[in-house]
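Here is a short briefing on one structure. Look over the sequence and the model first, then read the points below.

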Amino acid sequence: MSETDQDKVAADGPGNWVRDQFERYRDLRGRIERNTLPLATSVDGSAFEFQASLHGLELKRGAYVVLEHEDGNRFGQITELTSSNDRVDVESAPGVTTSILVRRAVGSGLLLDRGGPFHDALARPAVPDEVSAWLDGTRRRDRASLVIGELLLAPGVPAELDSGGFNRHTFMCGQSGSGKTYSLGLLLEKVLAETTLRIVILDPNSDYVGLGRVRDGADPTRAQRHQAIGGDVAVWSNEPGADHALKVRFAELDTRTQGAVLGLDPIADRDEYAVLNDLLRTNDHGKPLITGFDQLIGSSNPSAQHLGMRAANLGVLDWPVWGPEDRSLLQELAAPTSRCTVVDLGSLQTLEEQRLIADAVLGSLWASRRNRQPVLVVIDEAHNICSAEPDNALSRITTDRAIQIAAEGRKYGLYVLVSTQRPNKVHENVVSQCDNLLLMRMNSMADVGDLTRLFSFVPPGLMAGAPSFGLGQALVAGRLFPQGSTYVQMGDRVSQEGGADVPTTWASVRTS
Ligand SMILES: Nc1ncnc2c1ncn2[C@@H]1O[C@H](COP(=O)(O)OP(=O)(O)OP(=O)(O)O)[C@@H](O)[C@H]1O
Ligand SMILES: [Mg+2]
């Protein structure tokens with residue numbers, strides 16, 4: 001305490017002295033914090049670090065920045081942003097040094113242009129025109145762009161995906177209500193409108209049954225365009241009046257699936273399994289000897305009757321998925337008559353039927369892989385179809401098939417897009433094969449941590465932004481956005497949403 005301070009304490013009392021000291025301390029700290037310039041340094045020319053004042057901070061995680069330097073401006077993106085506490089010693093009065101705890105913003109980012117190292121560049125947010133100019137300079141002109149909305153931190157700048165990026169598998173996830181289904185519908189609309197890629201959708205909640213139809217209030221120009229391509233979408237459903245009945249023939253399934261449907265294990269039930277195999281032999285003209293369960297029950301062969309009874313006891317006979325009179329879903333998949341096939345799994349009553357159809361679809365696409373016809377296979381609610389812990393034989397077969405397609409399908413043009421709200425419930429061998437990520441709001445930091453490990457090409461700091469996303473906001477990374485990783489705000493859909501949420505009219509204020 002200086003002599004002046006001792007005099008002050010004597011005159012005003014100790015309480016006032018402490019208050020006075022605190023005001024002085026706060027004033028000094030405020031001045032140091034406010035005077036912290038947003039300065040960036042790069043030691044290698046490819047990444048940078050910066051510090052800035054927390055007062056009126058304009059720099060945001062995920063945002064694009066211009067780093068102004070006398071040797072030339074650089075363009076970058078902030079990938080990490082946090083605050084730091086540093087001790088700064090200042091001479092608060094003549095001969096008195098005070099140690100002040102100063103809180104500042106610190107962060108790091110990636111440089112997105114070419115250039116060498118620099119020191120003390122002034123960092124400021126890039127204006128939308130600067131972001132557009134950078135994107136224009138990086139875009140591939142020979143590939144269709146899919147405009148899915150705008151960049152979240154550069155309003156007005158279109159968020160354009162590289163359609164060619166769909167030649168890799170894609171993982172989409174977000175918690176319930178984050179906007180996955182809406183956004184995926186928008187993305188598929190764009191794929192339909194801007195490319196010639198074939199699409200097969202496994203749709204467990206009947207969310208995409210309206211994909212071919214225009215929603216009320218849609219932008220008229222886009223609506224007209226969508227109307228023209230809407231005819232490319234064929235829905236296969238078990239709903240009455242559906243255009244195409246969602247049915248398969250037992251004989252069309254491969255033996256492993258048939259065995260699983262009948263609860264037969266190839267080792268434990270080898271005798272019955274052998275009978276099944278025998279019954280499903282084809283005749284000399286390549287036609288199966290038996291095509292449906294009715295023939296099992298009505299057979300004079302006791303072994304066949306046993307299998308029929310087994311199916312009856314398991315309730316499998318009652319599944320409405322069996323036996324179309326006309327074209328079956330698997331025939332359609334083998335020789336498609338429309339560009340987009342929506343398989344309305346939501347129209348089926350049980351998870352087992354859904355799994356059976358999902359398995360049949362994946363099996364059929366795999367069987368015709370040598371045709372090398374590119375197809376985007378969309379698996380919504382993927383935790384039910386390629387589960388991390390399959391709980392029965394059919395589920396195991398379906399998961400194995402999805403893993404096989406994820407591992408080897410790409411070279412045959414089979415590109416998977418899996419969507420889920422439970423990333424750790426999807427088999428890791430599927431997720432780890434995905435080179436594209438569409439991450440929407442995720443509250444669970446544990447899930448974000450798992451995804452950060454699996455998608456190590458995405459800066460962890462950008463992943464960490466997922467819990468603060470609002471509706472329709474997403475992180476996009478991978479081949480779909482070759483310029484790096486970016487935050488987007490999804491735009492408006494033009495197609496109808498199916499499987500709408502139940503309205504919350506029950507929560508309205510009661511008037512009587
Ligand atoms: N970008 C958007 N603009 C306007 N409304 C949106 C947008 N995204 C989603 N919604 C609306 O928000 C609600 C929830 O979206 P959505 O059904 O797509 O969520 P979800 O992530 O698929 O949820 P769940 O995991 O429960 O299926 C829906 O009513 C949808 O219409
Ligand atoms: Mg959904």
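How many of the 17 residues of α11 are buried? In α11, 14 of 17 are buried, so the helix is mostly covered, where buried means under 20% relative accessible area, exposed over 50%, and partly exposed in between (1.4 Å probe, protein chains only).

This is a predicted model, in which local features need pLDDT of at least 70, side-chain atom pairs count only at pLDDT 80 or more, and totals for chains, interfaces and linings use all residues. Residues are numbered from 1 along each chain as its sequence is written, chains are lettered from A and ligands numbered from 1 in the order in which they are written, and side-chain values use heavy atoms, leaving out hydrogens and water.

**Helix α11**
- Helices (H or I, at least four residues) and strands (E, at least two) are DSSP runs, numbered from the N terminus.
- Helix α11 covers residues 351-367.
- The expected span is 1.5 Å times one less than the number of residues.
- For the 17 residues of α11 that gives 24 Å, and the end C-alpha atoms are 24 Å apart, which agrees.

**Strand β13**
- In a regular strand, side chains alternate between the two faces of the sheet.
- Strand β13 (residues 340-343) is covered on both faces.
- C340 and V342 are buried on one side, T341 and V343 on the other.
- β13 pairs with strand β10 (residues 198-202) in the parallel sense, over four bridges; two strands pair if DSSP finds at least two bridges between them.
- I201 has V342 of β13 as its bridge partner.
- Strand β11 (residues 233-237) also pairs with β13 in the parallel sense, over four bridges.
- There, V233 is bridged to C340 of β13.

**Aromatic pairs**
- The whole structure holds 10 aromatic pairs.
- Rings of Phe, Tyr and Trp (its six-membered ring) pair if their centres lie within 6.5 Å; planes under 30 degrees apart count as stacked, over 60 as edge-to-face and the rest as tilted.
- F48 and F50 make a tilted pair, 6.1 Å centre to centre with 35° between the planes.
- Both F48 and F50 are buried.
- Y64 and W134 have ring centres 5.2 Å apart and planes at 45°, so this pair is tilted too.
- The Y64–W134 pair links distant parts of the chain: Y64 lies in strand β3 (residues 64-68) and W134 in helix α3 (residues 128-138), 70 residues apart.
- Y64 and W134 are both buried.
- Ring pairs join Y64, F75 and W134 into a cluster.

**Charges over rings**
- A charge sits over a ring if NZ of Lys or CZ of Arg is within 6 Å of the ring centre and within 35 degrees of the ring normal.
- The charged end of R369 sits over the ring of Y412, 5.5 Å from its centre.
- R493 lies over the face of Y182, 5.9 Å from the ring centre.
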